[in-house]
Amino acid sequence: MARRIDVTGTGGVRLAAWEFADPPKTDPGDLPDPAALRDPADPDPGIAGVLLLHGLMGRASHWASTARWLAERRRAVALDQRGHGQSDKPPRAAYTREAYVEDAEAALEQLGLAPAVLVGHAMGALTAWQLAAKRPDLVRGLVICDMRASALGAASQREWDDWFRSWPVPFATLAEVRKWFGEDDPRLERPSPARGAFYAEVMHETADGWRPVFEPDQMLRSRETWVYDAHWEELAQVRCPALVVRGLDGELGRAEAQEMVRVLPRGEYAEIADAGHLVHYDRPEALRAAVEPFLDRILLG
């Protein structure tokens with residue numbers, strides 16, 4: 001069963017953090033003073049911490065399978081970022097790059113995870129490497145899943161606005177959600193049951209049917225703060241080990257991914273076949289095979 005821990009983000013926004021499995025316990029004799037070190041939010045401060053950050057429109061539960069295997073040897077916490085999942089969605093809150101980065105910074109400090117490995121997908125990956133550049137003392141490693149460092153531009157933002165408007169909301173049933181996002185969505189190149197399931201997780205039942213748990217205009221505001229700018233400079237400032245992971249059919253092309261690895265001072269590369277943009281959701285076991293050796297090297301080496 002998932003355990004929720006509330007975190008206070010920048011501007012007082014309430015954020016929901018989740019543990020999907022009990023973390024392992026270390027031998028108390030390994031700690032100099034276990035009672036003094038223990039934090040109420042941290043079951044055992046003697047183990048490595050991992051913070052998982054979802055992408056735009058995602059939620060912490062999308063990381064559930066990843067968090068469970070991570071928790072076999074580490075403390076893994078997934079964060080519902082502002083405007084997403086069960087975190088607050090105040091209409092006048094900041095949905096800027098700075099706000100997302102400061103939220104992740106607050107989560108690491110309040111949860112007692114630092115120095116932690118940050119595992120991010122898409123927008124969450126950008127947040128992770130921006131935080132690593134800003135606060136190297138908090139981050140010991142990065143996993144960047146299918147996020148581009150290049151600017152996407154104004155046309156991309158207009159396309160997303162049009163796409164949100166095309167959603168046939170409210171959906172009558174969750175089965176209709178799965179079918180539309182997994183089969184009927186005009187942006188979809190071929191059927192993807194995993195994509196349908198992914199979007200079913202971000203819907204909730206209302207009086208007139210199923211609607212997203214987030215506000216589309218907040219997603220557009222979140223997105224506009226990063227699609228117009230490139231983010232190579234922050235990559236170059238990341239000093240910790242970093243693994244760039246791309247799905248073979250994802251949004252991050254191979255050439256750009258390999259250039260990101262070159263720009264990162266301690267970058268590594270992994271590619272997952274038969275996976276799209278939702279690499280952690282499409283192929284969770286393949287992601288584990290790519291990520292776990294990297295984590296072992298930086299946490300146990």
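Are Trp160 and Phe164 buried or exposed? Both Trp160 and Phe164 are buried, where buried means under 20% relative accessible area, exposed means over 50% and partly exposed lies in between (1.4 Å probe, protein chains only). Keep in mind that this is a predicted model, in which local features need pLDDT of at least 70, side-chain atom pairs count only at pLDDT 80 or more, and totals for chains, interfaces and linings use all residues. Residues are numbered from 1 along each chain as its sequence is written, and side-chain values use heavy atoms, leaving out hydrogens and water.

**The whole protein**

- The protein has twelve helices and ten strands; these are DSSP runs numbered from the N terminus (helices: H or I, at least four residues; strands: E, at least two).
- Its radius of gyration is 19 Å, close to the 19 Å that the globule rule gives for 301 residues, so the protein is as compact as a globular protein of that length. The radius is taken over C-alpha atoms, and the rule is 2.2 Å times the number of residues to the power 0.38.
- Of the 301 residues, 54% count as buried.

**The sheet**

- Eight strands make an open sheet with mixed pairing, in the order S1-S2-S4-S3-S5-S6-S9-S10; two strands pair if DSSP finds at least two bridges between them.
- The edges are strand S1 (3–8) and strand S10 (267–272); each has a single partner strand, so one side of each has no neighbour in the sheet.
- Inside the sheet, strand S3 (residues 49–53) pairs with strand S4 (residues 75–80) in the parallel sense over five bridges, and Leu52 has Ala78 in S4 as its bridge partner.

**Helices on the sheet**

- Helix H3 (residues 97–111) packs on the sheet and touches S1, strand S2 (14–19), S3, S4 and strand S5 (116–121), with its direction at about 120° to that of S1. Contact means heavy atoms within 4.5 Å, and angles run from 0 to 180 degrees between N-to-C directions of lines fitted to C-alpha atoms, for helices over the stretch in contact.
- Helix H12 (residues 284–300) lies across S5, strand S6 (139–145), strand S9 (242–247) and S10, and runs at about 165° to S6.

**Aromatic rings**

- The whole structure holds 15 aromatic pairs; rings of Phe, Tyr and Trp (its six-membered ring) pair if their centres lie within 6.5 Å, with planes under 30 degrees apart stacked, over 60 edge-to-face and the rest tilted.
- The ring centres of Trp160 and Phe164 are 6.0 Å apart and their planes are at 70°, so this pair is edge-to-face.
- Trp160 and Phe164 both sit in helix H5 (residues 154–166), four residues apart, about one turn of the helix.
- Both residues belong to one aromatic cluster, whose members include Trp163, Trp167 and Tyr281.
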